[in-house]
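Please find below some notes on this structure for a reader who has not seen it before. They take the two chains in turn and then turn to the contact between them.

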Amino acid sequence: MHCHQVRKKLSSYQDGQLPPTEMKKVREHLRHCPDCAMQLQELESVWTTLGKVEQFDSAPFFWAKLSHRLNQTSEKKARRQRAGFLPRISPVPVLAMLLLTFSLLSGFYLGKTLFIYATPGAETASGKQYESLLAINSFDELTDESVADVYQSIISDDTQ
Amino acid sequence: MKLSDEQLMLQVKKGSHESFHELVERHKLAVLNMCLRFTRNKEDAEDLAQDVFLRIFQAAPRYQESALFTTYLYRVTLNVCLNHQRRKKILRFFSLNGKPGNGSEKDDRTPAYQIADSNKPDLEIEKYETQQFVQKAIDSLPENQKVAVILFRYLNLSYQEIAEILDTTVTAVESRLHRAKLNLKKKLEPLREEFHLS
């Protein structure tokens, strides 16, 4: 075997993954070729260095923690099954909807209440006239006064 | 008589917690050490390993004895670890402090308790720095090479087993390991010179 052929197979040779006949051929070559032997030594050095990493030698509480998580998962699953066919609803969008509905209803109520107090309604005579002006019914009999005359009389009442 | 992993898993499929406990005890160190290669700290590795076994347990009703249990277990472990790594990369990218970090302040500090408990603190620091250097070299590999190295070097799997886990060919595994070793040789050269490693 030539050096360039051996070097392609050195990694697999080092890992013991070549077929037996090829392992034998590479071994024979390495006996007589110091360069290829040096290459192999360098690869072995890399592999040895990789062993110098942190490792777990034991994990005595691993099962206890895992068992706890398994129980928690089983409980969640049982709770869901007890809830039957109810869909899993996240609380956040439900709360958001409730808040929105409450705000809208409050807005309507407050708007209506404030509008009643804001309009110059029942308290003054001119208020009553405003109401009557706004409440013109097409089926009512027409008066002799025009709308402008009524308006003038309202203004003159207010300024007095 | 000792049951095989596949037989135990079939018991777990029927709901046996004792069989699952046995499976966990048999394989927890392999899974923990595999996760540690991706997380660089033991707490995160333990969380990931728990996620792996939780997934295995939850998927037990659908388990079919179509492959070795270990092939299935390591495939799940790899998926969990790679997803974790990708999430961390995204978090790092959007990190508010603008500095790339690996999400854990613990990673670059020497565990104080190791130094405090040791008679030779300098040796502990040196050992820790070597570990970190080697781990960084592994982390710098392309993902496919890193995975091949972890499965072969730390789980002692054969090329055939690795090929089954990764759903690829033996030739591809061989090629990835060969390139990984050449890359690691370059990256570990400073360490070998500094500490005169053999």
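1. Of the 160 residues of chain A, 11% count as buried, a residue being buried if 20 or more other C-beta atoms lie within 10 Å of its own, exposed if 12 or fewer, and partly exposed in between, with C-beta atoms placed from the backbone. In chain B, buried residues make up 31% of 198.

2. This is a predicted model, in which local features need pLDDT of at least 70, side-chain atom pairs count only at pLDDT 80 or more, and totals for chains, interfaces and linings use all residues. Residues are numbered from 1 along each chain as its sequence is written, while chains are lettered from A and ligands numbered from 1 in the order in which they are written.

3. The model has an ipTM of 0.76 and a pTM of 0.68. For chain B the mean pLDDT (the predictor's confidence in each residue, from 0 to 100) is 84, and 83% of the residues reach 70 or more. Residues 98–110 of chain B have pLDDT below 50, and this stretch has 19 contacts in the model beyond near neighbours in sequence. Two residues are in contact if their C-beta atoms, placed from the backbone, lie within 7 Å. Where pLDDT is low, the predicted coordinates should not be read in detail.

4. Chain A contains 7 helices and 0 strands; chain B contains 9 helices and 0 strands. Helices (H or I, at least four residues) and strands (E, at least two) are DSSP runs, numbered from the N terminus. Among contacts in chain A between residues at least 6 apart in sequence, 52% join residues at least 24 apart. For chain B, residues 24 or more positions apart account for 57% of the contacts with a separation of 6 or more.

5. A nonpolar core is a set of buried Ala, Val, Leu, Ile, Met, Phe, Trp, Tyr and Cys residues joined through C-beta atoms within 7 Å. The largest one has 55 residues, of which B:C35, B:A49, B:A148, B:L151 and B:I162 touch the most other members. α2(B) gives the most to this core, 9 residues. Leaving out residues up to four places away in sequence, B:I162 touches B:A148, B:L151, B:F152, B:L157 and B:V173.

6. α3(B) has 17 residues and reaches 24 Å from its first C-alpha to its last, close to the 24 Å expected at 1.5 Å a residue; the expected span is 1.5 Å times one less than the number of residues. Its buried residues include B:A49, B:V52 and B:F53. The buried residues of α3(B) pack against α4 (62–82) of chain A, together with α2 and α4 (69–93) of chain B.

7. Which residues of α6(B) are buried? They are B:V134, B:A137 and B:I138. These cover an arc of only 100° around the axis, which puts them on the same side of α6(B); the arc is that of the directions from the helix axis to the C-beta atoms. On the other side of α6(B), B:D122 and B:K136 are exposed.

8. The contact between the chains takes 33 residues from chain B and 25 residues from chain A. On the side of chain B that touches chain A, α9(B) supplies the largest share, 9 residues. The residues of that side divide into 15 nonpolar, 9 polar and 9 charged. Here Ala, Val, Leu, Ile, Met, Phe, Trp, Tyr, Cys and Pro count as nonpolar, Asp, Glu, Lys and Arg as charged, and the others, Gly among them, as polar.
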